[in-house]
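Visitor: Please bring up the sequence and the model. I would like to go through it by question and answer.

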Amino acid sequence: MDFETANRFIGSPCAVGLVRVRGGRVVAERSAYMRPPRTRADFDPGNTRIHGITEHTVAGHPGFAELWPRIEDWILAEDPDELVVAHNAAFDMGVIRAACAETDTRHAPLAYACSLALARRGYDLPSYALPRAAEAAGVPLRRHHDALEDARACAGIVVDLVHRAGAGTVRELLAGAGLNVKRLAAPPLP
């Protein structure tokens, strides 16, 4: 999973990329532009310089509150305890938490892991930023900060690390690396 944000507020998602992996192979992908929450909808020129997304890019696309339930349904469609992986997962989980809070939208208690933490355990690199870790994994990253491209790179890194470690699953890789599955706690009911 990868989110891009409209501005410096973590709860201002404007794009998402999702990649489903089964048996070490990509079996499905989804990406979408979205309008950030109305209260945080300004596009910061610095963010736009990074990812190229503008207010005009997301015009006519659903807002986060409308799109999130569909994203979550896609993530959890096959397994209610599906493991979500993101590079620097604290950021992406923070996007979900903050955007849901900003829009009074509920989210499931998602199980997640961080490919950045895994890369730090599995590679010896001067930097573990997504482009460097993707390169170490042999994964092309043509357009860094394109949400789908970044999600593909994240998936490729994890698949490579599972293979290198001789693990059968990402959960086994985590256990072998001394890392735990984390959980994005669902907000309390009103």
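Visitor: Which residues does Ala153 touch, not counting residues up to four places away in sequence?
Guide: Contact here means heavy atoms within 4.5 Å. With residues up to four places away left out, Ala153 touches Leu130, Ala134, Val139 and Leu141.

Visitor: What kind of model is this, and from which number are residues counted?
Guide: It is a predicted model: local features need pLDDT of at least 70, side-chain atom pairs count only at pLDDT 80 or more, and totals for chains, interfaces and linings use all residues. Side-chain values use heavy atoms, with hydrogens and water left out, and residues in each chain, as its sequence is written, are numbered from 1.

Visitor: Is Ala153 buried or exposed?
Guide: Ala153 lies in helix H7. Helices (H or I, at least four residues) and strands (E, at least two) are DSSP runs, numbered from the N terminus. Relative accessible area sets the class: buried is under 20%, exposed over 50%, partly exposed in between (1.4 Å probe, protein chains only). The value for Ala153 is 0%, so Ala153 is buried.

Visitor: Which residues of helix H5 are buried?
Guide: Helix H5 spans residues 115–122. Seen down the axis, the buried residues of H5 fall within an arc of 160°, so they line one face of the helix. The arc is that of the directions from the helix axis to the C-beta atoms. The buried residues are Ser115, Leu116, Leu118 and Ala119.

Visitor: Which exposed residues sit on the face of H5 turned away from its buried side?
Guide: The cover over the buried residues of H5 includes S4, strand S5 (111–114), helix H6 (130–137), H7 and H8. The face turned away from that buried side carries the exposed residues Arg120 and Arg121.

Visitor: Which residues is Ala119 in contact with, leaving aside its neighbours within four places in sequence?
Guide: Ala119 is part of helix H5. Its relative accessibility is 0%, so Ala119 counts as buried. With neighbours within four places in sequence set aside, Ala119 is in contact with His87, Tyr128, Ala133 and Leu161.

Visitor: What is the volume of the largest pocket?
Guide: The search uses a 1 Å grid over the protein atoms alone: a cavity is a set of points where a 1.4 Å probe fits but cannot get out, while a pocket is an open set with protein on both sides within 12 Å along at least five of seven lines. Grid points are joined across faces, edges and corners, and a volume is the space filled by probe spheres set on the points. For the largest pocket, that is about 740 Å³.

Visitor: Which element gives the most to the lining of the largest pocket?
Guide: Lining residues have an atom within 4 Å of a point. Strand S2 (13–22), helix H3 (64–76), strand S4 (83–86), helix H7 (147–165) and helix H8 (170–176) each supply at least two lining residues. With seven residues, the top contributor is H7.

Visitor: How many residues in the lining of the largest pocket are charged?
Guide: Asp, Glu, Lys and Arg count as charged; Ala, Val, Leu, Ile, Met, Phe, Trp, Tyr, Cys and Pro as nonpolar; the others, Gly among them, as polar. The lining has 16 nonpolar and five polar residues, and the charged ones number six.

Visitor: Which strand gives the largest share of the lining of the second largest pocket?
Guide: This pocket holds about 380 Å³ of space. Of its 21 lining residues, the closest to its centre are Asp2, Phe3, His87, Phe91 and His145. Strand S1 (2–5), helix H1 (45–51), helix H4 (89–103) and H7 each supply at least two. The largest share, four residues, comes from S1.

Visitor: What is the phi of His145?
Guide: His145 is found in the loop between H6 and H7. Most residues other than glycine have a negative phi. His145 is not glycine, yet its phi is positive, near 80°.

Visitor: How far apart in space are Pro37 and Cys100, C-alpha to C-alpha?
Guide: Pro37 is found in the loop between strand S3 (25–33) and H1. Its contacts beyond four places in sequence include Ala99, Glu102 and Thr103. Pro37 and Cys100 are 63 residues apart in sequence, and their C-alpha separation is 9.0 Å.
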